[in-house]
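Please take a moment to look over the structure shown below, and then follow the paragraphs that lead through it step by step.

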Amino acid sequence: MTKSVQQLADGRTSQRDPRLVRGLAEALARRDPGRKLRFMHVCGTHEHEISRYGLRRLLPPWLEVIAGPGCPVCVCPVSELDLGAQLGLQGKAIVATFGDLERVPARLSLAEVRAQGADVRVVTSAAGAATLARSLPGRQVVFLAVGFETTACTTAAVALADPPPNLSFVLSHRLVPPALEALLSHPALALDGFLLPGHVCTVQGTEEYAPLALSKGLKMAVAGFEPADVLDGLLALVDRVIADRPGVDNCYTRSVRTSGNTAARAFVARVFTPLDAPWRGLGTIPRSGLAFTEEFAHLDATSRFGLTPDRSLDVPDRACRCDEILLGLRTPAGCPLFGRACTPEHPHGPCMVSLEGTCAAWYRHPPEPAELPAARHDDGGQR
Amino acid sequence: MCLAIPMRLVSREGNKGIAEVGGVRTEVRLDLVEVEVGQSLIVHAGFAIQVLDEDDASERLELLRQIAGLVDEASP
């Protein structure tokens, strides 16, 4: 085994080398785009790493990186969480869920329905839900399938691997490119481009993004998740702005191929078909969700149990600002509840629950006051 | 939930394998990749979603070291 493998697999120390990170930040600061630039990332892991390593502290004053709708649990509408709660309360099925979904506040959270006697169990993968169903052949098991392209392919793999007959799925998968397009129609954001999510692109590749970048004159760069990876992506974005060259750079080539993971994409294409889907904060976005194709329709829990999502539940919470935080219109520091009425122990909204939520990242790794753009927190964050 | 991490494959049997990072071993599904024992994987939600290109990782790192002005100090 070469040294690089060992480093990548066991420590990834190289892309965290402080001298490398400092040197890249200095290279970034030497650029001069002649105006302020604003890029959005759409990945909860990017926000966590940026916050954890204090990377905003290293950026030049003309460069702003804001968090968008990068947390799949956060963008999942309450009406779809509620399907799991209803199934559990009615005793029709064991509800299998990722851990960060169970505490998301809803009419009743999954943790609350468990407290009322429902059988809600945490699994770490769709495969874990299939194992659970096989171990309990007399019971129905419903897996709440939340996640972007990275997770949709794992649901597809389970659907294709002879799933037990007592397993079904509530599908809340969402696709990233349609959301980027929806964000662009938001005039208040005024984005120069996107730092693209490295693991979504690991599955899906970069092909879908190029037409969007070219048609909208946008700059995009796929970035990995170590501090040097993030700065690598930002350098590519800034250089594209300076050269006025819309398009997509792949800066995470150790994992991202142009066509992504073609096997995973083929699985997804066989099992799912796109459909219009609601997002928390963004409304309904055309072809941004996934439904089972006819061949796999028997795996759909909503038809198996006769459930319909109650979309009237999808109204913004008047106090919680998660909707605006997901859009990048507000930072957690601009939410009156943040760190006071809303903490990881007592979350008020999904952005504080999920480890991928922006509020959870900011609570664990608070930014220094100098990192907060004045207009986005002094007046409560409204722009 | 969406957190993906690089791990090394230490053994496999059919579409299941054992992957390791920092001394922690976990079962991973290999349905989505073609991989050999000893290679590094990106593991997400219990599934390997890609095999890491180790040569590429070294090349990119070297490029970044150049941009960061560390090349003179770079010694094996």
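In this predicted model, chain A is divided into two parts, with domain 1 covering residues 34-317 and domain 2 covering residues 322-362. If you take the centres of these two domains of chain A over their C-alpha atoms, you will find that 18 Å separate them.

Where the domains meet, 30 residues of domain 1 of chain A are in contact with 22 residues of domain 2 of chain A. The size of an interface is often given as the accessible area lost when the parts come together. For domain 1 and domain 2 of chain A, the area buried between them is about 2,100 Å², and 62% of it lies on carbon and sulfur atoms. On the side of domain 1 of chain A, the residues that lose the most area to domain 2 are A:His48, A:Cys74 and A:Arg103, which together account for 25% of what that side buries.

Which elements of chain A supply at least two residues each to this side of domain 1? They are α3 (44-52), β2 (63-67) and α4 (72-75) of chain A, and α3(A) gives the most, with five residues. Sorted by class, the side of domain 1 of chain A that touches domain 2 has 16 nonpolar, eight polar and six charged residues. Between the two domains of chain A there are zero salt bridges, while five residue pairs are in polar contact.

Turning to confidence, the predictor gives the complex an ipTM of 0.92 and a pTM of 0.92. Chain B has a mean pLDDT of 91, and 91% of its residues reach 70 or more.

How values were computed. Residues are numbered from 1 along each chain as its sequence is written. Chains are lettered from A and ligands numbered from 1 in the order in which they are written. This is a predicted model: local features need pLDDT of at least 70, side-chain atom pairs count only at pLDDT 80 or more; totals for chains, interfaces and linings use all residues. Side-chain values use heavy atoms; hydrogens and water are left out. pLDDT is the predictor's confidence in each residue, from 0 to 100. Domain bounds come from an automatic or database domain assignment. Contact means heavy atoms within 4.5 Å. Buried area is the accessible area (1.4 Å probe) that two parts lose on being put together, summed over both. A salt bridge is a side-chain nitrogen of Lys or Arg within 4 Å of a carboxyl oxygen of Asp or Glu. A polar contact is a pair of N or O atoms within 3.5 Å; within protein, one must be able to donate a hydrogen and the other to accept it, and residues adjacent in sequence count only if both atoms are side-chain atoms. Helices (H or I, at least four residues) and strands (E, at least two) are DSSP runs, numbered from the N terminus. Ala, Val, Leu, Ile, Met, Phe, Trp, Tyr, Cys and Pro count as nonpolar, Asp, Glu, Lys and Arg as charged, and the others, Gly among them, as polar.
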